[in-house]
Amino acid sequence: MAKQPRAWQRMLSGRRLDLLDPTPMDIEIADIAHGLAFVARWNGQTAGDYAYSVAEHSLLVETLFGRIARNAPAKWRLAALLHDAPEYVIGDMISPVKAAVGPGYKDLDERLEAAVHIRFGLPAKVPQQVKRQIKKADKISAWMEATQIAGFTEAEASKFFGKPEPGLIDGLQIVLRPPVDTRNAFTTRHATLLEQCS
């Protein structure tokens with residue numbers, strides 16, 4: 001009989017996360033923040049001295065979500081911050097790779113997302129309206145990243161991600177900083193939002 005392949009990962013916190021059956025008890029924000037701060041968006045194909053991390057992207061998405069849904073409670077801002085949390089263990093695959101991998105990736109992502117949400121007091125699945133608003137913020141962030149650090153023209157980025165509405169990105173700039181700084185910013189923002197939720 002063939003030996004089952006290992007489907008868990010040991011985290012720096014000491015937790016052992018089973019990727020096939022993740023439980024909220026094995027989720028720690030320090031692990032998420034650390035992992036996301038070292039996962040590069042755009043497969044690392046961005047300009048600058050530091051990779052643009054998923055943690056940095058998540059901070060921007062949460063800011064944009066706050067501009068889109070100005071009266072949203074803190075719990076939905078927390079959901080926006082954590083929208084890519086599963087990538088701390090499964091990495092950030094660009095859309096063409098996700099399409100090639102197929103539905104297995106989506107299933108894994110959804111299981112991890114549900115465990116993360118429950119761990120931090122959110123419903124396993126956020127309401128569709130909130131999910132749409134987070135997705136809109138995600139696309140605006142992608143447009144900003146594409147045009148500011150990934151070498152896309154505005155016309156090209158608008159074709160793939162849609163052009164942001166006037167005013168939504170005013171005063172916002174892509175930030176590139178060392179992973180430790182991004183990790184700390186992510187952890188601090190998470191703590192603030194969690195406190196506002198209680």
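Me: Where is R67 found?
Reply: R67 is found in helix α2; helices are DSSP runs (H or I, at least four residues), numbered from the N terminus. Keep in mind that this is a predicted model, where local features need pLDDT of at least 70, side-chain atom pairs count only at pLDDT 80 or more, and totals for chains, interfaces and linings use all residues. Residues are numbered from 1 along each chain as its sequence is written, and side-chain values use heavy atoms, with hydrogens and water left out.

Me: Which residues is R67 in contact with, leaving aside its neighbours within four places in sequence?
Reply: Those are G167, L168, I169, D170 and L172, where contact means heavy atoms within 4.5 Å.

Me: And how many residues apart in sequence are R67 and I169?
Reply: They are 102 residues apart in sequence, and 8.8 Å apart in space, C-alpha to C-alpha.

Me: What about H57, buried or exposed?
Reply: H57 is buried, because its relative accessible area is 0%. Buried means under 20%, exposed over 50% and partly exposed in between (1.4 Å probe, protein chains only).

Me: So what does R67 count as?
Reply: R67 counts as partly exposed, because its relative accessibility is 24%.

Me: Back to H57: where is it found?
Reply: H57 is in helix α2, which covers residues 54-68. Leaving aside neighbours within four places in sequence, H57 has contacts that include R41, Y52, H83 and D138.

Me: New topic: where is the place of I94?
Reply: I94 is in the loop between α4 (87-90) and α5 (95-101). I94 counts as partly exposed, because its relative accessibility is 30%.

Definitions and conventions. Helices (H or I, at least four residues) and strands (E, at least two) are DSSP runs, numbered from the N terminus.
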